[in-house]
There are 6 protein chains.
Amino acid sequence: MSTIITFGEVLMRLSPFGNKKFIQANTLEFYFGGTELNVGLSIAHFGGHVKHITCISNDFIGDTAISYLNKFDLDTTAIVRSNRPLGVYFLEVGAVMRPSSISYNRSHSAFSSIQPDMVNWEEALKQGSWFHWTGITPALTQGSYDTLKAGLKLAKAKGMQVSADPTYRSGLWKYGVNAKEALTELLECSTVFIGGINEMNEVLGTNYSYSNDEFIQASKLLMEKFPTINKVFDKIRTSINSSWHKIRARMWNGKEFRETQDFDITHIVDRIGTGDAFAAGLIYGLQHYDDYKSMEFASAACALKHTYQGDVNYATIAEVTGILEGNVSGRFNR
Amino acid sequence: MSTIITFGEVLMRLSPFGNKKFIQANTLEFYFGGTELNVGLSIAHFGGHVKHITCISNDFIGDTAISYLNKFDLDTTAIVRSNRPLGVYFLEVGAVMRPSSISYNRSHSAFSSIQPDMVNWEEALKQGSWFHWTGITPALTQGSYDTLKAGLKLAKAKGMQVSADPTYRSGLWKYGVNAKEALTELLECSTVFIGGINEMNEVLGTNYSYSNDEFIQASKLLMEKFPTINKVFDKIRTSINSSWHKIRARMWNGKEFRETQDFDITHIVDRIGTGDAFAAGLIYGLQHYDDYKSMEFASAACALKHTYQGDVNYATIAEVTGILEGNVSGRFNR
Amino acid sequence: MSTIITFGEVLMRLSPFGNKKFIQANTLEFYFGGTELNVGLSIAHFGGHVKHITCISNDFIGDTAISYLNKFDLDTTAIVRSNRPLGVYFLEVGAVMRPSSISYNRSHSAFSSIQPDMVNWEEALKQGSWFHWTGITPALTQGSYDTLKAGLKLAKAKGMQVSADPTYRSGLWKYGVNAKEALTELLECSTVFIGGINEMNEVLGTNYSYSNDEFIQASKLLMEKFPTINKVFDKIRTSINSSWHKIRARMWNGKEFRETQDFDITHIVDRIGTGDAFAAGLIYGLQHYDDYKSMEFASAACALKHTYQGDVNYATIAEVTGILEGNVSGRFNR
Amino acid sequence: MSTIITFGEVLMRLSPFGNKKFIQANTLEFYFGGTELNVGLSIAHFGGHVKHITCISNDFIGDTAISYLNKFDLDTTAIVRSNRPLGVYFLEVGAVMRPSSISYNRSHSAFSSIQPDMVNWEEALKQGSWFHWTGITPALTQGSYDTLKAGLKLAKAKGMQVSADPTYRSGLWKYGVNAKEALTELLECSTVFIGGINEMNEVLGTNYSYSNDEFIQASKLLMEKFPTINKVFDKIRTSINSSWHKIRARMWNGKEFRETQDFDITHIVDRIGTGDAFAAGLIYGLQHYDDYKSMEFASAACALKHTYQGDVNYATIAEVTGILEGNVSGRFNR
Amino acid sequence: MSTIITFGEVLMRLSPFGNKKFIQANTLEFYFGGTELNVGLSIAHFGGHVKHITCISNDFIGDTAISYLNKFDLDTTAIVRSNRPLGVYFLEVGAVMRPSSISYNRSHSAFSSIQPDMVNWEEALKQGSWFHWTGITPALTQGSYDTLKAGLKLAKAKGMQVSADPTYRSGLWKYGVNAKEALTELLECSTVFIGGINEMNEVLGTNYSYSNDEFIQASKLLMEKFPTINKVFDKIRTSINSSWHKIRARMWNGKEFRETQDFDITHIVDRIGTGDAFAAGLIYGLQHYDDYKSMEFASAACALKHTYQGDVNYATIAEVTGILEGNVSGRFNR
Amino acid sequence: MSTIITFGEVLMRLSPFGNKKFIQANTLEFYFGGTELNVGLSIAHFGGHVKHITCISNDFIGDTAISYLNKFDLDTTAIVRSNRPLGVYFLEVGAVMRPSSISYNRSHSAFSSIQPDMVNWEEALKQGSWFHWTGITPALTQGSYDTLKAGLKLAKAKGMQVSADPTYRSGLWKYGVNAKEALTELLECSTVFIGGINEMNEVLGTNYSYSNDEFIQASKLLMEKFPTINKVFDKIRTSINSSWHKIRARMWNGKEFRETQDFDITHIVDRIGTGDAFAAGLIYGLQHYDDYKSMEFASAACALKHTYQGDVNYATIAEVTGILEGNVSGRFNR
């Protein structure tokens, strides 16, 4: 059984019900999430074998997180425990023109204490065929960056597929490393790039526009600079407001440019983790379909994720392929 | 006081809150429903006198079901009890492109044990002026089919109005009877046909398209084959996605074809039972208005049902007629 | 610190969750509201110093109301207590074509017992710079009308700004006073008119249409009749249905006519208090911005209020100005 | 079918979940109750035919109340509607040494407007065999007192059994009638007295102590003064604290004194309506058992009521008799 | 890693919140349970490796059940799926003298279709060191009895420890097999007997009383008749009422009689599954401690289970041993 | 108006409903608390003027905390904001023999960043008459210790009353200061000692037993060592289990020893903050009553706190004095 490896922080998500603000509430819902974990759980829910590597608190909150991950039959055996608390994020869900708001409590979390010697990468990657990473992990601490780098170097050495989602979030990267340099080093271990113009401009130091033409040019330049990368996938979101988005995707795989049609998501239930659902769909897809079909699968998975509460995509393979076969009018499954 | 008779299974509906899946939930909402019951309860809520005939479990769940029916002032005096459990259905409510999913636990329910000798039809129909049936009941078991047939034959003999909603659901009809033959026999007792091209094609063995012209042709052929039927009403649903539908209706009453305008249901709360709300509106309407006004009333009732959680239409006469008078912009009732 | 004064009834609002009717429910949410209070709380939430004057019950419900007001750091020191119960309103929230319904229990409430000698206006207005009133208060009882009149006369004498929102609700005004005469007397103390054609026609005895031209004419006539009034602000709502509205505003300040663009509120969370949010935005705005920017601020505040449950606008200054700077696509605030 | 008549106010009960105070809460549970209604609903739940006579609001809250009563298959056909609101009471449930607190909003309720000419007693009592009244109703308004008096006089004339629960609550009786005189007049129509030393002292003007001997003396004197009364039943509550009570009962029926053993109610769920459950058990019992067995049945019903949330006793005949047969250790019913 | 095998039905448990009856409720909590599953999950929660064998529905309810089991890191790989629905039980939780009530919907469940050829016992028991069974499974259907028998015979052949909890429930055993004969055959494969006088009398055809002396005699006779059985453990429950129990245990292991002290469970949260928690504690204990310490561990586990909602014992090893070390006064764990 | 000063961390408390563990839950309740804050809020709820000094996060969680404090009319004007997150604690509420469990996330909280120069003590203590501190604050960080010390020195210089609750929690005090030395320095500024044998032994380096005699000896020695201290109050808790405690208090004020009777708290709702309720009752009492009456008031307040959910004592003066007047049987307050 070949294993997909994800590595990154597990956060507890706390939010009032519906569209309430904390100031109006006295009850909350909680979930566990984190961009790499979301990818892992979504693939596990599709039936893939996924091992998530992270460091969580050594208390009943950490136990609860592990139990939550087990629900999805995720492999939690390589998880490390720490005496620091689990990271938390507080979420207020917006509506219409009101944006959602997030406040983090993660800077001294269990994961922030991770160091390369805490993870036995040899053991962890033993059955590994694919490694997925994002730009959040190297942006947190020197330790999380170093630990990721060690894992990716081994993955490269073992000839694994490596997907990179180098999301650049300017509020992070505070510990003293240069984002561009760090991402460059990590991209040198990667084979699939999941990201758009912003991310390419960030690592290339370019200034391409959003047009398809410039997307192709940027992708070519990226592949020149990072010869191991042979595919670029970009998910494009058009926001009418907080409650109504449109999604489509495009790709350049060195040979052809393709793009999908729009999904019109008229009544968003939860948009957190929709990018991760795209990545998960892509990783799952690339192991079963050709590039274009994989991108279509990923787009449909991403669109469906908007209808599930929580960070994880609860869509099944049957539900995603149902969308691709045109069942988008919401007839009952009996 | 003339009584409307409905006959069919009462199911307990269990679903997580909002758009959650069971796998995400640990709490549920429950309702009682069933296609014929929904019609009965909606008419009772309009103020009609309705007697529902069914067989339910002889435990506290059955007691709860009866209490639920009493809330609507439905006549529950003819209900039979059984040692088998009440049927249950589990519902996951979809959103946008995600369809709703239903799983049934009804094949050995209290109602599935019903036999003609368990219902005293003479007594039950004593004040009866109208009998409503659907294609679900004959599709369940030989006993439910036979019991319904016995009731309909008596209703016909007594000259009652009989409305048929011969919904054809292919997942049912598993006990060995031919659906077309069974429905034919039941339609021979009926006077009002509530259904569209699919249902007419099913019982006529034809292949008409959805066009208004072919609808008229099909209706004429239906009335030829079933001379007691003198009205055909069809509700047409256009689904943009699970959360956004449009509804309109059309009719052929042997003399004229009419159709209503679209209702644009931009934010669906619960679409279960909306077809039953249409039937209920029609049955109520035909006792107070002409055919076209009845169809308009039924359409408005159907549209309003999409705004109520649960299987039943909680709209009042005043709310339905308010819609018909053009109050669709949602001003407050104070 | 200059203080904004609001005066009016505090009501307890009781409503089932989501779109349920009472007949379906056994649990409720409660809030406190009231048109003038909503204005006061929204301004307090913006950081303004607001003193609300009212009479509430002398029981644990009244204590709860005061605690609720304190949450917003509203000045509750001038509130009077009574042995009568707090007024209550019951709300069923509509959806799509179903209107919301309200039932009041306020005719013998604590506030309905208010008399001029129960409020020490001299003391209450000591730091006062602005007084806001609405047409609901004089419509309730002779005592509430007289008490308001006494306050407004003192406010005028002290040269305070006085904003009038003379909403005319025909179901009120039952105690024997002529609405037009009463409103006239109160408008003579006012400096800012917040209302549209209907309200101007009511007090002027005219019959202007909704066109911008006639709005300007009506405003001019109003200012002629009430020379203290120097600004008229009108919020225009277009309702597609209960769940989807559009909002824009227009003004005449004696010199220029301006109007804002539409806000398209595609998924309303709660429309109660949205007019009050407009008034609050205006009052806050006029103390910081020019007339047009104030109206824009008020419109954005009003639009945002549709996304908060409860009567109060929980938007912050940053959120409102974010909207005005074009952040309407719902990107996350992290 | 002989009918039991109950007459009295229907109140909406609003309380936070568990032991919360309103000041801590933003959600509530609601029930409908009222001392005479509770008696009626409990008997209806035992399977008796009960007609409740009252006046309720003509809005969706009144509709909800009627639907609630219908759930129990109570006869609601004689209920009158009014434009005044339904009475409300707010409840904070205590625990251990903390008492429960109640605040009423009933002084101008729908029921407070009742007048003798609003009830057609002839029609209402047509099938009536038993009439139950309490001391709350005459204590509210002149109209409620007069209406009750009219009903009781007719009941006496028809030779019906009349049970009196002349609870004396000093916070009521504010409209100008002398409590003792009023109760005296009503007791002259009664046949069964449900009450203890306090109530007998109140109407007799005596000062008996709680001892069994003085209970017998008081009962004898009561029967002397009110010759139609032939049975006195007294429920004795010993409160360890708000969460833990003991219950027993005693009786004098002109011939013998009997008392029951204690029920030890170690974990009270809801004590509201437990006295009403005793009265209901007694009324039901006296139609099926001898005096002592009726009192035992009533005591067990009362004890069981402490385990149900809401004002009504949800115990079934089987559950009550199960207690009397010694099944008090809480073994499962499967 | 040695594996503990449990085999039995998985049921969905549905119950209203707190002590509500279904007739009062419209929301439910759900759990999954079943006597053998509860044992398995409790051991898994202690950290043991447990494989549960069962047959569940092939729908989203079955998926949810598997996800629930995975939460506890239970091995679900040997679970079989069926097109029949998952069994359900409805629970109303009693209080004080009110017993809890249960209604089952299991007679045509997925598990009721199990047949010996559906389970690959060779594969399932490969790592197995212990097999736990109860008297519920053979009481359901011929197929469940035969399947269990096949598994136990193999377990005996492999020399596994086999614990028997031959609970006799008279409402079951309806499919035509003699309970005593069936249990006898199964006990012949067993090594540890978990049960009391009632169960021993049932299988021995004796009539021993509850005294310790007769318990020893019965145990000796049992071991004579079933020579593979070398230990008998009995949990004794004294019920003050539904909310307050006392628990102690006794044992005869062929050499010595021992009994534990009482645990006084003054405020029961949920007593379902407390017997299963005892069995789980025993099975876990017997792999780590001597017989007496195992029984003490089991008693403490059983007592603790009364404080957790749901069927499963959420106590950890540390919590159980904490109790045994005397920490029963509820000091905080920080 | 004289002001009571409290200084200490504000924590967000997160716990599942009822007795659930996090591993069973997906919803939470939240409160704000902290030992010194609890004292402050309880006194504010009694009507005292209290100013709380702390440092909280500069995000919407911090805003929510301030709003929560405002509810109680606490003076929040001296609160400092920080970019670090608010401290959090997770609570699982035990029952019977199961202890409650707490996990903290506070080591890098907003409060942990506090430094003496962040608080303007001169300004903060301007109206101050009483300063309350506990042993938690100096145990957190050097900064919190230094800041407290600065405040206490000024309080002493101003001749304020200073109450010390030097709770010693061994899991804290990790930053390098010697607990005994630190507490000694702080006690030198104090006038009232709230604590028992453990706390006195800790600061005196003695080994007194729990007897009344040794309590008096210890108190005398304490007063010798700390001449400013003139009263010692000790609350004694006897725990039957997590759900059932007994509470009494004793005092030595240099002249007389007194003790109160036991309060038997048979059904605990929430024991968090009950010690703080005792301190609050004492501080409030000592400003209105003599020493013994103050201690009685404090004991009753402490007992009542066990009946309120959350960290704060919601008892009113009337409720506390009601208990002292013997109203402990839980009769209704109407």
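## A covered helix in chain F

In this predicted model, helix α1 of chain F is mostly covered, with 12 of its 12 residues buried, where a buried residue has 20 or more other C-beta atoms within 10 Å of its own, the C-beta atoms being placed from the backbone. Among the buried residues are F:T35, F:L37, F:V39, F:I43 and F:F46. Their cover includes β1 (3-7), β3 (27-33), β4 (50-53), β9 (128-134), α8 (274-286) and α10 (317-324) of chain F; here helices (H or I, at least four residues) and strands (E, at least two) are DSSP runs, numbered from the N terminus.

The helix, residues 35-46 of chain F, reaches 17 Å from its first C-alpha to its last, close to the 16 Å expected at 1.5 Å a residue, the expected span being 1.5 Å times one less than the number of residues. Just after α1(F), F:G47 takes a positive phi of about 110°.

## How the model is read

Residues are numbered from 1 along each chain as its sequence is written, while chains are lettered from A and ligands numbered from 1 in the order in which they are written. Because the model is predicted, local features need pLDDT of at least 70 and side-chain atom pairs count only at pLDDT 80 or more, whereas totals for chains, interfaces and linings use all residues.

## Paired strands in chain A

Strand β12 (residues 231-241) of chain A runs parallel to β11 (residues 192-194) of chain A, to which three bridges join it, and strands are taken to pair if DSSP finds at least two bridges between them. In this pairing A:F193 stands opposite A:V232.

With β13 (residues 244-252) of chain A, β12(A) runs antiparallel through nine bridges, and A:R237 stands opposite A:I247 there. These two strands, β12(A) and β13(A), form a hairpin with two residues between them.

## Where chain A meets its neighbours

Chain A places 22 residues in contact with 21 residues of chain B, contact meaning that the C-beta atoms of two residues, placed from the backbone, lie within 7 Å. On the side of chain A that touches chain B, β15 (263-265), α9 (291-305) and α10 (317-324) of chain A each supply at least two residues. That side divides into nine nonpolar, 10 polar and three charged residues, with Ala, Val, Leu, Ile, Met, Phe, Trp, Tyr, Cys and Pro counted as nonpolar, Asp, Glu, Lys and Arg as charged, and the others, Gly among them, as polar.

The contact between chain C and chain A takes 22 residues from chain C and 21 residues from chain A.
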